[in-house]
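The following note sets out points for a colleague who is examining the model. Please read it alongside the sequence and the coordinates.

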Amino acid sequence: MGDCTSVAPGLDGEENLIAAAQHIVKALGSNKNLTDDVRKILVDLGTQLSTISRADESKDVGINEIEYRLNAAQDKVMSWEADQCMVWDSGPEEVAEYLKAVEEVRKLTEILESLSLNKDSDVNELLRRAYDVLQTAMARLEEEFRHLLFQNRQPFEPEQHLSFRSNDEDALDEGSIISFEDDPVDESLQSDSISRSSEDYIIHLVHPDVIPDLKSIANLMLSSNYDHECSQAYISVRKDALDECLAILEMEKLSIEDVLRMEWAGLNSKIRRWVRAIKIFVRAYLASEKWLSDQVFGEVGSVSSVCFVEASRSSIFQLLNFGEAVVIGPHKPEKLMRILDMYEVLAELLPEIDAIYQGEIGFSVRTECREVLGGLGDCVRATFLEFENAIASNASTNPFAGGGIHPLTRYVMNYIKILTDYCNIINFLFKDLDKADPGSLPSTSPVTEEDNKSGSSACSSAMGLHFRALISILECNLEEKSKLYRDVALQHLFLMNNIHYMAEKVKNSELRVVFGDEWIRKHNWKFQQHAMNYERASWSSILLLLKDEGIQNSNSSSPSKTVLKDRLRSFNMAFEELYKSQTTWLIPDSQLRDELQISTSLKVVQAYRTFVGRHNTHISDKHIKYSPDDLQNFLLDLFVGYPKSLPNPHRR
C-alpha cells in the first residue's frame, strides 16, 4: 500500500507538467511573429504532448467503458439521421446535447487511435465504428453549418451605409462628349463626389445571434480534421452571398470583349456605377465579410483568412477585371474623366484592400489591385496624349461661320476646367513617371491661388506645364483655322473671339491657379492686338476716304466738289458693303462686342462728323446720305451674327 501512495503524487505531477507544457505551446503558437521553422517545431511538440496525454488517459479507460460511451454518443448522433429536421431548429438544449455527443465521439476516436498501435482487433473495430459515427456527424454538422449561414443572411442595403443613389444614372447620357463639334463638356462628366472622410462600415451579414453556433460547429469540425469540408461549406455559401451583393450593386459580369464592344454612353454609365460599387463593396461589404470570417474561424490559425480570400476572390476580381478591360480599350478623350474617377477611388481604397487581404493568401488580390491601378495611371497618360494629338490633328475644310468661338475651343477649355477637379492625381501621374508608385496618392488638400503665386502648388508644375502645352497646341490649330477666312479682318475677329474666350475661362475659374496671372495678361494682350488688327483691316481704307489729302482743286485752295461727292459716294458704298457682311459676323461675348463697337464708332463716326462738318459748305444735302448719328446706330448692329439691311437713311 505504501508503494501505491508514493506513486500517485508522481503521476499527478507528470500530468500537471504535461498540461503546463501544452499551455505554453498553445500560448507561443498564438504569436504571429514566429518564423515558419519555429511554428513547425511547436506544432510537432504539441502533437507529441497530445499523444502522451491520450496515452495516459487510455491507461485508465477500459475498452468496455469506451464502447459504452461510444454507443451512447452513437445513439444520439444516429437518432438525427432519420429525422428531416435540422438540429439547430430544435432548440438550444437539443443543440447542446448533440454537440456534446459529437465531441465525445471525437475524443474517443483520439483515444482509440493511440490504443490501436497495439493492433488489438477489438480496439480496431471500435475505432472503425468511431470513424463512421464521426463521419456521419461531420456530414450533419456541415449541412447544419450551411443551413445556418444561408438562412440567417441579413439583407444588404447599401443606401443605409454609404451614399449610393442609383437614380444618378438617369442623367448619365445627357450631353456626353462625343466629338469636338459638340457644345461644352456636360456637367454629368464632372468628377463624382467621392467622400474622402468615409470610415469603415461593419455590418451584420449574418444574424449575430447565430455567430456562436457557427463558431462552435467550425471549432468542432476543424478539431476533428474536417477543416476542408467546413471551409468549403463556408466558402460556397459566402461566395454566393458576395455575388448577390454585386448584383444588388448592379455590377453584372462582363467579359473584356463585352466592355470593348460598348458604345460610350453605355460604358460611361457602367464606369460611374463601378466607381460607386467598388467603394461600397470594399469599404462596407468586404470589411464586414472579413469580420464575419474572423468571428467564425478566428481561433483556428489561418483558416479565417483562407475562407475570406477564397470566398471573395472571384467577386473582387470581377470588379478589377472591369477596370482592366477599360484600360485595354481605345484611349478616347471623353473617357479621361471616368478613368480618373476609377484611379482615384481604387487608390483611395488600396490601403483598406491591403489591410483585409494580408499575408501570402491575399498576395494575388493585392498584386492585381496594383496592376489595375498602374494600368489606369498609364491609361490616363495615354489618353491625355491622345487628347493633345486629337487637338493638333483636328482639321477643318470650311471656316467657322461668323468668326465666333469655335466648338474646339469650347470643348478644350471646358474639358481642362473639369480636369482641375483631379489636380493632385494628374500632377502625381505626370510627375517623375518612372518613380511613381501606383499605391500612393498625393494629398487631396485644395490648391489656393496663394499657393500658385508662391510656387508651392503641385498643380502649377506638372499639371500646369501640360495644360499650357495643350493650349499652345490649340492656339496653333486656331491659327490654321483662321487662314480659311478670305477676309483678313475676319481672321483677326475669329482669333480675338477665341483667345478672349480662353483668357476669360482661365481668369474666372480654377484654371487661374493652374495657368497663373502672367499667362492671363499675355493672352489679354493677344486678343486686344487682334481687335486692333481687325479695326485696321476693316476700316483703314474707309477712313482714308475721309482724309483731306487730294481733295483740293489744282488751281485753287478750295476743295473740289466733284472729289468731295466721289469721296462721300465711295464711303457710303464701302460702309454699306461692310455693314452687310459684318452684321453676319459674331462676337458672342456682349462686353467684348460693346467695347469693339464703341472703339470703332469713336474712330469712324468722329472722322465722318469732322469731314462732313469741315466741307458742308461745299457739299449739298442730297449728297450726304447718312448723318453721324445714323452711322453710330448702324455700327451697333455689327457682330450680331445674322444679316441686317440698312434702313432708309436720315434726310436733312
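1. How many of the 21 residues of H11 are buried? Of these residues, 18 are buried, so the helix is largely enclosed by the rest of the structure. Buried here means under 20% relative accessible area, exposed means over 50%, and partly exposed lies in between (1.4 Å probe, protein chains only). Helices (H or I, at least four residues) and strands (E, at least two) are DSSP runs numbered from the N terminus.

2. The basis of the note should be stated. This is a predicted model, in which local features need pLDDT of at least 70 and side-chain atom pairs count only at pLDDT 80 or more, while totals for chains, interfaces and linings use all residues. Residues are numbered from 1 along each chain as its sequence is written, and side-chain values use heavy atoms, with hydrogens and water left out.

3. Helix H11 covers residues 336-356, and its end C-alpha atoms are 30 Å apart, which agrees with the 30 Å that its 21 residues should span at 1.5 Å a residue. The expected span is 1.5 Å times one less than the number of residues. H11 has a kink of about 40 degrees at Leu350, shortly before the proline Pro351. The bend at a residue is the angle between axes fitted to the seven residues ending there and the seven starting there.

4. As to the whole chain, its secondary structure comes to 22 helices and zero strands. Of its 652 residues, 45% count as buried. Among contacts (heavy atoms within 4.5 Å) between residues at least 6 apart in sequence, 81% join residues at least 24 apart. The accessible surface comes to about 32,300 Å², of which 50% belongs to carbon and sulfur atoms. Accessible areas come from the Shrake-Rupley method with a 1.4 Å probe; for residues, only the protein chains shown count as cover.

5. Side chains of opposite charge can pair when their charged atoms come close. A salt bridge is taken as a side-chain nitrogen of Lys or Arg within 4 Å of a carboxyl oxygen of Asp or Glu, and the count by this rule comes to 33. One of the pairs is Glu250 with Arg273, whose closest N and O atoms are 3.6 Å apart. Glu250 lies in the loop between helix H7 (227-248) and helix H8 (256-261), and Arg273 in helix H9 (residues 264-297), so the pair ties together parts that are 23 residues apart in sequence. Glu250 is partly exposed at 36% relative accessibility, whereas Arg273 is buried at 13%.

6. Glu252 forms a salt bridge with Lys270, with the closest N and O atoms 3.4 Å apart. Glu252 lies in the loop between H7 and H8 and Lys270 in helix H9, so this pair ties together parts that are 18 residues apart in sequence. Glu252 is partly exposed at 43%, and Lys270 counts as buried at 17%.

7. Two further sets of charged residues deserve a look. Lys644 pairs with Asp637 in a salt bridge, the closest N and O atoms being 3.1 Å apart; Lys644 is partly exposed at 30% relative accessibility, and Asp637 is buried at 17%. Glu65, Arg69 and Glu104 are linked in a network of salt bridges.

8. Finally, Ile328 is found in helix H10 (residues 303-328) and counts as partly exposed at 47% relative accessibility. Together with Ile256 and Leu260, Ile328 makes a nonpolar surface patch of about 230 Å². Patches are made of residues with over 30% relative accessible area and no salt bridge: like charges are joined within 9 Å, nonpolar side chains (Val, Leu, Ile, Met, Phe, Trp, Tyr) within 5 Å.
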